[in-house]
Amino acid sequence: MSAPVVFLHAFAQAVAAMALYREGHPARERAIDTVDEKLRRALEVMPKLMFTFLPDEVVCGTEPLRELADWDWSRRLAAAGIQ
């Protein structure tokens, strides 16, 4: 799995943890630490990390991330106007 895909999975888990747990909860703190680590690793591989979220596709730079075809979070982010 590519570093950008690993980061996006960690990002989705962190967003979910933020919604489920109160500030300071260990699960929430772990999710934040994990997404930070995964982002740093992704930036080592691709220093200018840029995503486009479409209803049925995620694009990183100019490359579609096939592993994330039909990823539910892509639909959610696109519906919220985050591209």
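Two strands count as paired if DSSP finds at least two bridges between them. Keep that in mind for the sheet. One caution: this is a predicted model.

Start with the sheet. It is open, with three strands in the order β1-β2-β3, and the pairing is antiparallel. The edges are β1, residues 51-54, and β3, residues 63-64; each of these pairs on one side only. Between β1 and β2, residues 57-60, there are four bridges. Take one residue there. Phenylalanine 53 has valine 58 in β2 as its bridge partner.

Now the helices on this sheet. α3 packs on it and touches β1 and β2. The direction of α3 makes about 90° with that of β1. Helix α1, residues 3-20, also lies across β1 and β2. Its angle to β1 is about 60°.

Back to phenylalanine 53. Is it buried or exposed? Its relative accessible area is 7%, and buried means under 20%, so phenylalanine 53 is buried. What does it touch, beyond its neighbours within four places in sequence? The contacts are Leu8, Val58, Trp71, Ser74, Leu77, Ala78, Ile82 and Gln83.

Serine 74 is on that list. It belongs to helix α3, residues 72-79. Its relative accessible area is 0%, so serine 74 is buried too. Leaving out residues up to four places away, serine 74 touches Phe53, Leu54, Glu57 and Val58.

Next, the core. The largest nonpolar core has 19 residues. Which members touch the most others? They are Leu8, Phe51, Phe53, Val58, Leu65, Leu68 and Trp71. At least two residues come from each of α1, α2, β1, β2 and α3. α1 gives the largest share, with seven.

Then the aromatics. There are three aromatic pairs. In one, phenylalanine 7 and phenylalanine 51 have ring centres 6.0 Å apart and planes at 20°, so they are stacked. That pair links distant parts of the chain: phenylalanine 7 is in helix α1, phenylalanine 51 is in strand β1, and 44 residues separate them. Both are buried. For phenylalanine 51, the relative accessibility is 13%. Phenylalanine 51 also pairs with phenylalanine 53: centres 6.0 Å apart, planes at 25°, so this pair is stacked as well. Phe7, Phe11, Phe51 and Phe53 make up one aromatic cluster.

Last item, a charge over a ring. Arginine 76 lies over the face of tryptophan 73, 4.4 Å from the ring centre.

How values were computed. Residues are numbered from 1 along each chain as its sequence is written. This is a predicted model: local features need pLDDT of at least 70, side-chain atom pairs count only at pLDDT 80 or more; totals for chains, interfaces and linings use all residues. Side-chain values use heavy atoms; hydrogens and water are left out. Buried means under 20% relative accessible area, exposed over 50%, partly exposed in between (1.4 Å probe, protein chains only). Contact means heavy atoms within 4.5 Å. Axes are lines fitted to C-alpha atoms, for helices over the stretch in contact, and angles run from 0 to 180 degrees between N-to-C directions. A nonpolar core is a set of buried Ala, Val, Leu, Ile, Met, Phe, Trp, Tyr and Cys residues joined through side-chain atoms within 4.5 Å. Rings of Phe, Tyr and Trp (its six-membered ring) pair if their centres lie within 6.5 Å; planes under 30 degrees apart count as stacked, over 60 as edge-to-face and the rest as tilted. A charge sits over a ring if NZ of Lys or CZ of Arg is within 6 Å of the ring centre and within 35 degrees of the ring normal.
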